[in-house]
Each structure stands twice: as C-alpha cells, then as structure tokens.
Amino acid sequence: MADYQLFIGGELRDAASGETFTTTNPGTGQAIAEVAKAGKEDAIAAIEAARTAFDEGPWPRLSGKERAEALRKIAQLIADNAGELAEIEAKDSGGTIRKATFADIPGAQGAFEWFARCAEEEPDRVDLEGSPFPMSSNYVRYEPHGVCTGIIPWNFPFIMASWKIAPALAAGNTSVLKPASFTSLSALRLASLIAEADILPPGVLNVLAGPGGTVGEELAANPMVDKTAFTGSTEVGRRIMQLASGTVKPVTLELGGKSANIVLDDADLDVAAAAVLWGTFFHNGQVCESGTRALVDRKIYDEFLSLLVDRAGKIAIGDQLDFETDLGPLVHRSQVETVERYVALGREEVGEPVCGGAGPEGLPEGLDAAAFYTPTIFAGVSNSAKIAQEEIFGPVLCVIPFDSDDEAIAIANDSIYGLGGGVQSSNLERAEAVAARMRTGTVWINDYHLIDPKRPFGGYKQSGLGRELGTQGYDVYRQVKHVHVNPSTSGRDNHIHFTALSANI
Ligand code: NDP
C-alpha cells in the first residue's frame with residue numbers, strides 16, 4: 001500500500017496499476033513518501049465518480065447554506081491539522097516552514113471560509129425587471145457546471161488545491177483535482193482527512209497524483225468533464241485550451257508572469273527596497289506574480305540599487321524546516337538547472353550580476369547544495385533581453401532604469417504577460433494613475449504579493465483567462481440560465497413575427 005493513496009469515489013485506494021512513485025525533500029534529497037501513481041484508468045474512474053455524484057447524488061441539490069456548512073468543516077479540519085499540513089508542505093515543496101505556517105495553511109483555510117460565504121450569500125436566483133414582452137417575467141438562475149477538474153502546480157500546492165476545490169464545491173459542482181507530481185502530498189493528505197471525517201458524499205471530491213501527460217490530459221479532454229481550471233506554465237495552459245476545445249469546455253487559466261515593480265523617484269527607498277526584494281525573492285521567485293522586473297527611476301537608480309544589493313546579501317538561506325530560514329531549496333534540482341541556464345544567458349546578454357549568480361556557500365550539513373541558489377540581481381538590463389522577457393521561476397531580478405512615468409508604463413506593458421505588478425511611490429494619486437495604465441491583473445501600491453481570497457486574482461494577456469477568488473472566482477464555477485415565464489397558459493396572442501401557428505388561422 002502506498003503511503004499516500006488516491007481519493008476516488010469516497011475511497012482511499014492505490015492506483016489501478018499498483019504503481020507508486022517516490023517523493024523527496026528537495027532540501028536533503030531524501031525520500032519522504034511513496035505515492036500512488038494514477039494512470040488514465042484512475043483518471044477516468046475519478047471523473048466517472050464525480051459525474052455520478054453530480055448527476056445522482058445530493059451535493060448539487062443541497063442549499064447553499066448546507067454546502068457552506070460542509071466547506072466550513074473542511075476549513076476547521078485544516079485549522080485542526082495545521083501543524084502536520086505545514087510540515088508536509090514545507091518538506092515536500094521546499095518552501096519554508098514559516099511560509100507554510102503563516103501563508104499556505106491559513107490561506108487555504110481562508111479560501112474554504114470565503115467560498116462557504118459565497119455559497120451562503122450569493123443569490124442563485126435574480127429577478128430581471130422590465131420585460132419588453134407583455135405580461136412575461138424573467139429571472140436568471142445560477143447553476144453549477146457539473147464536473148469540474150483542477151490541475152495545479154508545485155509552487156503553492158496546498159493553496160492552489162483550495163483555490164480549485166473550494167469554489168467548485170461551493171457552487172454545487174463535483175471536483176477532480178490533480179496536484180503536481182513534485183508536490184502531491186498536502187492535497188492527498190487533505191483528501192484523506194476529509195475521508196476520515198466523512199464530510200462529503202462519495203465522489204464529490206476526488207484527488208489523484210499522476211503524470212500531467214496522462215492524468216492531466218484526461219482531466220482536460222474527457223467529455224464527461226464540464227469545466228477545467230489550470231494553474232501552471234503558459235505552455236501547458238495553451239495545451240489545456242486545445243484539449244478542452246474538443247467539447248468546448250470553459251477553462252480558467254492562471255499562467256506565467258514577468259511582472260514589473262515600478263519604483264518612482266518619490267518612493268520611500270526603504271519601503272520600496274523591501275517591496276522589490278520580497279516581491280522577487282519570496283519563495284525563491286517561484287511565484288507566478290513575482291515582480292521580477294524592477295523598473296527604477298534613473299534619478300534614484302544608483303542609491304536604490306546599492307540598497308537592494310546590500311539587503312539581498314542578508315537573506316537567510318538554509319533548511320526550510322528551520323523557522324529562521326528566509327529561503328530554502330528550490331522545488332527540485334531541475335529547477336536550479338533552469339535558473340543556472342538563465343543566469344548564464346544573463347551573463348551573455350547583460351554581464352556579471354551585481355549579486356548572487358551561484359549556489360550558496362556554507363549550508364548546514366545534510367542539505368543538498370545543488371537544490372539551492374542565491375538571490376541574483378542583474379542591473380542595467382534592457383527590457384528586450386530574454387532574461388527580462390521570459391519567466392525564470394527562480395531567484396533572479398532584472399533591474400531596468402527609466403526616465404519618465406510614461407516610459408516606465410511602456411516598459412511594464414512590453415511583455416507577453418500581465419499577471420501582477422507594483423508601484424512604489426509616496427504620492428498615492430501618482431501611483432494610482434500609473435497603476436491604472438498597467439495592463440495586468442493585480443497591482444500592489446507600496447507593497448507586493450498580498451493575496452486575499454475575497455479579492456479577484458488572475459491575468460491579462462498570456463498570463464491567463466478568467467479570475468480566481470473574489471465573487472468573480474465564484475461566478476466562473478456557475479452557469480447562467482435565463483428563464484422567461486409567460487403566465488398566460490391559454491388563449492393568448494401569438495407572436496407578431498410568426499403568426500402561422502395562430503389558433504385563428
Ligand atoms: P507545468 O505547467 O508543466 O505543470 C503544472 C501542472 O500541469 C502539473 O500538475 C503538471 O503535472 C500538469 N501538466 C503538465 N503537462 C500537462 C499536460 N500536457 N496536460 C495536463 N496537465 C499537464 O509546470 P512545470 O512544473 O513543468 O514548470 C515549468 C515552468 O512553468 C516553471 O519553470 C515556471 O516557469 C512555470 N510555472 C508557472 C506556475 C504558475 O503558477 N504560473 C507554476 C509552476 C510552473 P506534472 O507535475 O505531473 O508534470
């Protein structure tokens with residue numbers, strides 16, 4: 001039996017093939033668990049279980065209040081098991097225990113609580129006033145889509161699981177979730193906690209770990225699936241759209257980014273340096289909305305750059321399970337190799353980085369140095385450089401000078417992406433004017449990265465499609481049905497533009 005099993009149709013089980021894969025702590029390279037490895041057969045079984053639960057089970061027919069009660073029980077389960085879940089998350093993903101304890105676990109709990117509130121408070125019927133047709137009345141019903149699948153990445157596994165499961169279930173859908181193969185443990189543990197607590201009818205939630213190329217593709221393409229949501233690379237996002245197009249499924253996509261953090265000449269440099277460093281290096285830059293392009297007014301450029309370099313050198317790198325650590329390992333050695341390739345490219349395009357550009361020295365014994373990388377800053381970067389255009393997903397910052405607010409906005413918008421962004425300024429009116437002209441889904445003024453389940457999150461351009469969170473992120477899980485009611489059931493006038501069926505003819 002695998003240490004972590006699939007959750008299908010209300011049962012914890014091994015893969016149909018009996019196969020497992022080993023998952024490791026990237027910080028040490030040590031194995032931490034054997035995980036059941038789902039294949040296509042398991043994916044289809046999970047989709048069928050979700051289909052049956054939707055078509056025949058009680059879940060979509062419960063009231064919003066009843067569904068909210070179940071979601072709140074899941075939120076409480078997360079709170080009750082927060083310590084265990086945080087440790088699993090940190091060990092499996094390389095993210096720090098501080099991030100897991102203060103962001104990931106409460107963030108996921110908050111998402112379940114928020115969508116419980118949506119289920120309870122967002123009306124599922126809205127009357128429409130002013131019909132042009134005599135006597136008729138009209139209303140809109142909001143209904144679940146049916147079976148919703150979610151495919152999630154490795155950078156925030158637990159939060160991403162909650163962002164896919166909670167709104168889908170809140171709106172009355174059933175759900176099948178596939179976590180990333182690098183980081184499947186926390187979603188599978190949540191599934192087993194839900195199973196033990198017997199919170200959901202069988203098949204309402206299904207979770208299975210397995211390769212994107214087989215399990216993920218099935219979840220996007222299968223005709224029994226009504227909607228799919230994906231977070232990950234833009235490249236796979238395009239593939240998800242293609243697969244979903246076979247049955248014209250609605251898709252929600254949250255993809256890559258290369259966000260600009262604009263530092264205006266009137267910014268408080270201390271506040272701005274903190275926003276740029278946290279905006280880039282938090283979780284080693286493995287964050288889709290990271291502000292990996294710092295656009296800095298030339299008037300303050302030199303002073304600001306030396307502040308950045310000085311502070312970047314003070315970031316504590318080490319064991320992710322130590323509460324003192326700011327940055328642990330990246331998710332996997334292979335992600336470090338990607339970073340190394342981009343840093344080599346940066347050396348060709350721009351020259352030597354002003355800090356970083358190598359693995360850290362002096363790590364505590366027992367850690368795998370090949371999984372770590374130091375915060376790296378390239379200065380004087382042209383926005384056309386590949387390192388300024390492509391998503392690196394590692395601790396690499398490009399600093400780009402500008403001479404006017406107009407130029408900063410033009411540089412910020414010169415990207416295929418549009419997910420996040422920042423404006424650092426002591427003049428809020430000026431900062432908001434700049435924010436209004438940035439073509440991106442979220443802008444933080446004098447801050448960065450703060451995400452709340454009540455506020456919508458998503459991207460412009462190739463950063464995605466649709467929104468997660470907020471009431472917007474609830475509505476994408478609901479179909480809209482217009483109902484027209486003509487109360488006259490007999491002897492009424494026929495339609496002026498189509499008289500052939502009139503009883504008088
Ligand atoms: P992917 O986009 O490949 O993976 C994200 C999820 O999609 C995983 O669950 C993966 O499964 C699954 N998947 C992979 N291929 C398919 C497919 N053909 N059909 C359906 N599902 C699929 O990200 P990577 O892990 O490969 O990371 C590559 C790059 O993507 C990173 O360097 C970064 O630039 C970007 N990225 C962006 C993220 C974001 O939040 N915007 C998050 C993660 C990565 P499996 O794990 O089994 O491969």
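A charge is taken to sit over a ring if NZ of Lys or CZ of Arg is within 6 Å of the ring centre and within 35 degrees of the ring normal.

**View 1. Charged side chains over tyrosine rings in the predicted model.** R125 lies over the face of Y139, at 3.7 Å from the ring centre, and K227 lies over the face of Y477, at 5.1 Å from the ring centre. In this predicted model, local features need pLDDT of at least 70 and side-chain atom pairs count only at pLDDT 80 or more, whereas totals for chains, interfaces and linings use all residues. Residues are numbered from 1 along each chain as its sequence is written, and side-chain values use heavy atoms, with hydrogens and water left out.

**View 2. The aromatic pair of F102 and F323.** A search of the whole structure finds six aromatic pairs (rings of Phe, Tyr and Trp, the last by its six-membered ring, with centres within 6.5 Å; planes under 30 degrees apart count as stacked, over 60 as edge-to-face and the rest as tilted). The ring centres of F102 and F323 are 6.4 Å apart and the planes stand at 65 degrees, so this pair is edge-to-face. F102 counts as exposed at 61% relative accessibility, while F323, at 40%, is partly exposed (buried means under 20% relative accessible area, exposed over 50%, partly exposed in between, with a 1.4 Å probe and protein chains only).

**View 3. The aromatic cluster of F156, W278 and F282.** F156 and F282 form a tilted pair, 6.2 Å centre to centre with 40 degrees between the planes. Both F156 and F282 are buried, and together with W278 they form one aromatic cluster.
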